[in-house]
Amino acid sequence: MYFESNRSSRDGMIAVGSVVMNRVQSDDFPNTVCAVVSQKNQFAPGVISKSFDGQGQTLAEASARAVLAGELHPNIGGARFFHAAWYDANFNNIHYVLTTGGNAFYEKRRPENVTSPNPLPQVEGITGYGV
């Protein structure tokens with residue numbers, strides 16, 4: 001959460017944590033948080049072993065505790081994927097559900113079931129009052 005959301009917002013961290021938890025619940029991914037975040041080419045390299053500090057650390061720790069206690073971003077739905085908000089993914093099976101914390105979150109769907117093919121406007125302030 002700390003590295004993927006650029007420490008930019010509680011909403012961004014909660015959304016990243018929600019994707020991790022959606023993956024843990026999915027048969028398509030490993031069934032533990034550590035196994036999900038350490039999958040090759042899935043999250044920022046070395047997220048398990050990199051150090052972090054400062055205000056971002058405090059926010060990340062509080063957000064992680066909230067997600068592990070069951071809080072999910074209310075707009076994330078079943079999304080198991082995200083990319084930087086500025087990135088143009090240009091695939092026909094991406095259905096966007098949320099943009100927050102500098103990332104665009106999405107579900108993969110059959111092309112005919114995609115109703116939101118472009119990243120949504122950035123939203124913040126949905127998941128609480130911060131730390």
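First, some ground rules. This is a predicted model, in which local features need pLDDT of at least 70 and side-chain atom pairs count only at pLDDT 80 or more, while totals for chains, interfaces and linings use all residues. Residues are numbered from 1 along each chain as its sequence is written, and side-chain values use heavy atoms, with hydrogens and water left out.

Let's start with the overall layout. The chain has 3 helices and 3 strands. Here helices (H or I, at least four residues) and strands (E, at least two) are DSSP runs, numbered from the N terminus. Reading from the N terminus, the elements go α-α-α-β-β-β. Of the 131 residues, 42% count as buried. By buried I mean under 20% relative accessible area, by exposed over 50%, and by partly exposed anything in between, with a 1.4 Å probe and protein chains only.

One more number for the whole chain. Among contacts with a separation of 6 or more, 52% are between residues 24 or more positions apart. Contact means heavy atoms within 4.5 Å.

Now to the sheet. The 3 strands form an open sheet in the order β1-β3-β2, with antiparallel pairing. The edges are β1 (81–84) and β2 (94–100), each with a single partner strand, so one side of each is left without a neighbour in the sheet. From one strand to the next, the twist averages 30°. Two strands pair if DSSP finds at least two bridges between them.

How many bridges join β2 to β3? There are 6, and β3 covers residues 103–108. You can find T100 opposite N103, and I94 opposite K108. The hairpin of β2 and β3 has 2 residues between the strands, and G101 takes a positive phi near 60° there.

Is β3 largely enclosed or open? Largely enclosed by the rest of the structure, because 5 of its 6 residues are buried. Helix α1 (residues 10–25) lies across β1, β2 and β3, and runs at about 25° to β3. For that angle, axes are lines fitted to C-alpha atoms, for helices over the stretch in contact, and angles run from 0 to 180 degrees between N-to-C directions.

That brings us back to F105. In the largest nonpolar core, which has 21 residues, I76 and F105 touch the most other members. A nonpolar core is a set of buried Ala, Val, Leu, Ile, Met, Phe, Trp, Tyr and Cys residues joined through side-chain atoms within 4.5 Å. At least two residues of this core come from each of α1, α2 (33–37), β1, β2 and β3. The largest share, 5 residues, is supplied by α1. As background, nonpolar side chains in soluble globular proteins tend to be buried together.

Staying with α1 for a moment, N22 sits in this helix. With a relative accessibility of 14%, N22 counts as buried. Beyond residues up to four places away in sequence, N22 touches I76, G77, G78, A79 and R80.

S8 lies in the segment before α1 and is partly exposed, at 45% relative accessible area. Leaving out residues up to four places away in sequence, S8 touches G101 and G102. S8 and G56, 48 residues apart in sequence, are 8.0 Å apart from C-alpha to C-alpha. G125 belongs to the segment after β3 and counts as exposed, at 60% relative accessibility. Although 113 residues separate G125 and G12 along the chain, their C-alpha atoms are 9.7 Å apart.

Last stop, a pocket. On a 1 Å grid over the protein atoms alone, a pocket is an open set of points where a 1.4 Å probe fits, with protein on both sides within 12 Å along at least five of seven lines, and lining residues have an atom within 4 Å of a point. Of the 17 residues lining the second largest pocket, the closest to its centre are R23, Q42, F82, H83 and Y106. The largest share of that lining, 4 residues, comes from β1.
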